[in-house]
Amino acid sequence: MDKGTLIEFRNQGDRKLAVVDRPEGKKNWIVIDERGQAHSLKPQRVEYEIGSGYRATEIPTFWETVQSYVDPDSLEVAWELLIEAGESVTPASLAQLLYDAQDPAICYAAHLLLADDRIYFKKKGDVYEPRPASQVEELKHQLTMATQRETERVNFLARLTAALGGERVNWPESDRPRLDALEKFVLYPEQTHKAAQELLSSLQLPTTPEGAFDLLVRIGWWSPHENLFLRRSASPIQFPQKVLDVAHSCLHALPPDADGDRRLDLTHLKVYTIDDESTEEIDDGLSIEPLPTGETKLWIHIADPTRFLVLGEELDLEARRRSTTMYLPTGMIPMFPKELATGPMSLIQGQHCNALSFGVVLDELGSIADYSIHASWIKPTYRLTYMDVDEMLELEIQAEPEIIALNQAAQLRRAWRKSQGSIEIRMPESSIKVKNEEEISIEVLYEARSRQLVAEMMILASEVAGRFAQANHIPVPFRGQPQPELPSEEELMQLPAGPVRFCAMRRCMPRSEMGVTPAPHAGLGLPVYTQATSPIRRYTDLLTHFQIKAFLRGETPPLAADQLQEILYTVTASAQEAILVERQTNRYWTLEYLRRHADTVWEVQMLRWLREDEQLGLILLEDLGLELPHRFNRSIALGDRFGVQVSAADPRHDVIRFREMVASEVTAAAS
């Protein structure tokens with residue numbers, strides 16, 4: 001190259017122009033750029049020789065001249081001409097084709113068009129070949145998509161900035177992948193999340209799961225108390241549209257009733273439904289019927305959702321996938337679409353309702369003397385709360401003798417089951433409710449007579465269902481529980497009565513088991529048992545209904561034992577996951593409640609040691625019915641009572657710590 005030759009080279013990836021000044025050594029050249037800065041170049045770094053007779057000071061003017069010729073649209077015109085002729089092109093020939101000239105500025109402009117082109121031409125040696133039309137179309141599509149993605153990215157960042165500034169933002173569907181990336185970073189931090197971390201970094205926020213969580217909260221995408229346990233689970237929250245469509249059609253045009261005229265009309269009976277005031281899925285009712293023999297027949301009516309279902313079709317399969325209604329402090333996530341579950345599937349006061357009714361006659365000891373099962377019609381008379389029934393029993397309301405009779409039957413059954421070896425563990429339970437994430441309430445569910453009444457009737461119906469299935473060789477989801485190895489009477493008597501003693505017994509209880517073979521249930525003191533009383537909210541109960549109702553119609557039950565067992569495997573796994581989410585969510589809101597009541601002094605009782613060598617014990621907050629861990633720094637005996645205050649609570653990280661109060665602090669707090 002001669003002195004004064006204008007060349008193009010790359011400096012840290014950027015295109016630069018410079019003029020050759022002099023050789024350096026045997027191979028290198030010293031070139032001067034438009035700023036007068038010298039560069040030492042090897043010949044192979046020269047990308048394009050423009051022409052000779054230039055000075056470095058002329059570079060800006062030359063560049064300005066070149067830009068007036070750089071028109072990317074003209075490249076498509078040249079490609080159309082050249083592909084038709086099947087010819088390759090050089091910068092010089094392109095300059096001649098486009099501008100009918102080949103001076104240095106025009107040739108360099110043609111070089112820039114070809115060098116920067118990623119669509120029409122492909123370099124091969126010293127020439128550029130036109131790409132095939134199909135390839136050009138694909139590259140154009142890719143470029144369009146890339147441009148669209150960049151536009152979406154810029155718009156997303158603008159919306160993000162607005163949301164961070166406190167504006168209310170409507171997030172279009174195109175933003176979903178970026179928001180999903182942030183969500184996954186929070187939910188699955190052990191995985192790689194490059195996109196989310198780059199986004200956080202661009203906003204100068206911590207590139208951590210906590211940083212992503214805080215961002216999602218700040219922009220209003222997530223709540224400060226977002227249920228991460230639910231989001232991590234496979235439990236569905238929303239129903240697919242096709243399931244909602246089927247539910248809607250059921251509401252407006254009832255499907256044919258497979259039991260039709262076979263239903264027993266029991267609408268003449270007085271039917272009580274007894275539930276919590278907040279219960280929406282009403283799945284059981286109770287009646288008393290005096291018999292001509294002087295005996296009394298108990299009727300346990302269970303909602304009949306199979307009336308609206310076909311095994312293996314949309315509603316049934318969706319219920320199977322969910323396996324259970326999930327009851328969270330913030331509300332329920334139903335197994336069926338809510339308008340069905342709380343509407344025609346439920347036993348609603350004053351309406352004609354489909355039911356599966358269990359009629360039972362007890363002997364004088366409480367054993368089952370006779371029973372029958374019927375698809376039925378009922379008309380619930382009263383919807384009562386547990387508190388209503390407790391009050392009626394307390395006052396012995398003579399206007400409702402059926403309630404008193406039901407309670408007497410329940411007590412008889414309880415005594416009979418105890419004679420059969422049932423195991424009673426009466427630990428306080430708590431119910432936690434959250435309203436708008438602001439109001440948290442915890443209620444202790446004591447063992448009231450009304451709850452005992454309903455529980456005994458449900459156990460009775462489930463025993464009848466189990467007996468019927470066993471006697472008629474109907475495969476149903478039988479539940480059993482192995483006999484526990486309880487502490488001896490002497491060992492139990494050495495423990496303080498009440499929660500401490502029951503806690504020791506509870507530790508010895510084996511898990512219940514489910515299968516298609518009948519098995520004794522040791523905890524309930526029953527020889528056979530299958531849950532059949534909650535078919536709106538528990539899929540295994542629904543299976544029992546499908547099987548028994550088919551038999552009552554004189555049909556072969558739809559599921560053979562092996563088919564039923566296969567379904568139980570998946571349903572049980574889903575139900576266990578739902579139970580885990582319920583427990584984790586309850587735990588979260590429990591800790592949040594305690595965090596908000598950090599100044600309260602709680603009366604607690606020492607229940608048992610979790611790890612005695614580490615002084616880690618389990619304590620019962622008696623006013624709330626909550627069992628929580630506590631680390632002691634002193635000796636303490638089981639059953640000891642003392643006061644505590646919350647010293648640290650972090651629901652998101654599952655942290656709770658208490659400090660024990662000295663006597664003077666407890667007295668001061670009480671006053």
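Author: The lining of the second largest pocket comprises 13 nonpolar, three polar and nine charged residues (nonpolar: Ala, Val, Leu, Ile, Met, Phe, Trp, Tyr, Cys and Pro; charged: Asp, Glu, Lys and Arg; polar: the others, Gly among them). The model is predicted: local features need pLDDT of at least 70 and side-chain atom pairs pLDDT 80 or more, while totals for chains, interfaces and linings use all residues. Numbering starts from 1 along each chain as its sequence is written, and side-chain values use heavy atoms, without hydrogens and water.

The volume of this pocket is about 380 Å³. Its lining consists of 25 residues, and Thr306, Leu309, Val310, Leu311 and Phe546 are those nearest the centre. Two or more lining residues come from each of helix H10 (241–252), helix H11 (314–322) and helix H18 (539–552) (helices are DSSP runs of H or I, at least four residues; strands are runs of E, at least two). H18 makes the largest contribution, four residues.

As for the packing, the largest nonpolar core contains 38 residues, and Ile274, Ile300, Phe358, Leu453 and Met457 have the most contacts inside it (such a core joins buried Ala, Val, Leu, Ile, Met, Phe, Trp, Tyr and Cys through side-chain atoms within 4.5 Å; buried means under 20% relative accessible area, 1.4 Å probe, protein chains only). Helix H15 (449–471) is among the elements that supply at least two residues, as are strands S14 (353–362) and S15 (368–378). H15 gives the most, 10 residues. A second, separate core has 34 residues, including Phe239, Ala303, Phe308 and Ala341.

Definitions and conventions:
On a 1 Å grid over the protein atoms alone, a cavity is a set of points where a 1.4 Å probe fits but cannot get out, and a pocket is an open set with protein on both sides within 12 Å along at least five of seven lines; lining residues have an atom within 4 Å of a point. Grid points are joined across faces, edges and corners, and a volume is the space filled by probe spheres set on the points. Buried means under 20% relative accessible area, exposed over 50%, partly exposed in between (1.4 Å probe, protein chains only).
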